[in-house]
Amino acid sequence: MRLDRSTLLALALVAPLAACDLTAISGIDSDAPSNLTYELIPSGDPSVPLGVILSWEAPSSGRAATYDVYSRSSNGGWGLRATTTSPSYHDVWPDAQYYVAAVDAEGNTLGQTPYITIDLRSQLPAPAGLRSISLNGAIQLAWSSNAVDANRNAFDHYRVYSGAFDNVRGTCGSWSLEGSTVSDAFLVANLTNGVTRCFAVSAVSHDGHESDWSGAVQDTPRYDARNVLVYSHDVRADSSGFVFFDESSHQYGAVVASNRTGIDFTVERHSDGTLWFSPVGSNVSMATYGTSQIPDLTSIDQAQVSQLANVTIEAVPGYGYVFGTRKSDGVHYGALRVAYVARDYVVFDWSYQSAVGNIELTRAPVEGVSSR
């Protein structure tokens with residue numbers, strides 16, 4: 001077959017393009033890895049991460065067999081850090097700068113990425129306003145959204161820490177990670193009632209930068225129950241008494257007979273038909289919590305010790321009450337919220353702090369306690 005003049009001219013124009021390097025056309029080196037990025041691994045200390053994960057895209061030519069990872073300190077020269085067959089590398093001890101070179105099956109370097117610099121400065125502020133709510137065997141934590149509001153595009157999640165509380169020194173220590181969450185609240189469960197622990201929160205960005213910790217709070221889980229029914233003494237004397245903790249049976253929140261020894265209060269009817277809480281004996285004192293209704297039992301934060309007295313107080317729906325009761329090991333504090341008052345009985349929610357002398361019934365921030 002003979003080729004005419006126009007066909008030969010077309011082939012002459014195509015041939016140089018076929019032999020041309022792709023880099024010259026697109027500016028992309030098909031033998032070089034690209035898009036080198038990093039993600040820090042939070043440790044609890046923003047300045048000392050647990051490591052860094054480097055990731056990159058493989059060269060489009062498909063010639064790369066392995067990758068050489070190079071790094072250097074802020075003042076040092078480049079050195080080979082590792083060789084890997086995957087487009088990622090986990091470095092336990094992060095260096096200041098990195099770049100990655102692709103290597104073919106014969107050991108020839110094909111191309112390399114630009115270098116990146118590891119920035120340890122946090123992109124997010126410490127979460128503010130950490131507060132806690134005491135629960136039965138658990139602590140509910142909540143905090144401000146200030147870290148998210150500061151940089152929504154950078155925010156990834158929160159890390160929640162807990163530590164032991166030294167009652168003698170009033171300090172927190174032995175911190176450990178409880179978990180992580182994307183919301184500004186967290187439930188710490190499976191805790192021992194009566195044992196105080198400390199809590200703090202940090203914010204983490206998409207690339208693993210961890211913020212400073214929030215201020216610490218301490219709280220103590222306590223026993224509670226909902227919808228307990230106690231009759232008026234004149235209706236059912238066998239179910240008109242209540243004890244927060246029965247030391248003989250080791251039972252919490254027991255409804256008992258009014259003539260039982262060691263009970264905390266009874267429900268009594270006054271001449272006008274109203275029902276009242278009546279402390280039993282001189283070892284029990286009580287007070288109304290605040291001057292208005294409260295939405296929930298958890299609204300009662302601490303026992304108002306200075307207001308407690310050995311007085312009888314009317315049971316009013318929606319109101320909260322705080323008790324001080326002396327047991328064999330010392331004074332303990334309890335609280336209740338009246339849910340309903342019927343003609344012959346009262347229904348209420350209650351909580352009790354098993355830690356002797358501890359006034360925490362719901363939440364308690366620690367002023368001036370360091371989070372680390």
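**Exercise 1.** Which side chain meets Asp 91 in a salt bridge?

*Solution.* This is a predicted model. Start from Asp 91. Its side chain meets that of Arg 81 in a salt bridge, at 2.7 Å from N to O. Asp 91 lies in strand S5 (residues 88-91), and Arg 81 lies in strand S4 (residues 79-84). The two residues are 10 residues apart, and the pair links distant parts of the chain. Last, check accessibility. Asp 91 has 5% relative accessibility, so Asp 91 counts as buried. Arg 81 has 33%, so Arg 81 counts as partly exposed.

**Exercise 2.** Classify the two partners of the salt bridge between Arg 152 and Asp 149.

*Solution.* First, the contact: the side chains meet at 2.8 Å, N to O. Then apply the cut-offs: exposed is over 50%, buried is under 20%, and partly exposed is in between. Arg 152 is at 59% relative accessibility and therefore exposed. Asp 149 is at 43% and therefore partly exposed.

**Exercise 3.** Are Glu 210 and Arg 159 buried or exposed?

*Solution.* Begin with the bond. Glu 210 forms a salt bridge with Arg 159, and the closest N and O atoms are 3.5 Å apart. Now locate the pair. Glu 210 sits in the loop between strand S14 (197-205) and strand S15 (217-219). Arg 159 is in strand S11 (residues 155-166). The partners are 51 residues apart and link distant parts of the chain. Both residues are buried.

**Exercise 4.** Which residues are linked in a network of salt bridges?

*Solution.* Take the total: the structure holds 16 salt bridges. Then name the network: Asp 234, Arg 269, Arg 343 and Asp 344.

Definitions and conventions:
Residues are numbered from 1 along each chain as its sequence is written. This is a predicted model: local features need pLDDT of at least 70, side-chain atom pairs count only at pLDDT 80 or more; totals for chains, interfaces and linings use all residues. Side-chain values use heavy atoms; hydrogens and water are left out. A salt bridge is a side-chain nitrogen of Lys or Arg within 4 Å of a carboxyl oxygen of Asp or Glu. Helices (H or I, at least four residues) and strands (E, at least two) are DSSP runs, numbered from the N terminus. Buried means under 20% relative accessible area, exposed over 50%, partly exposed in between (1.4 Å probe, protein chains only).
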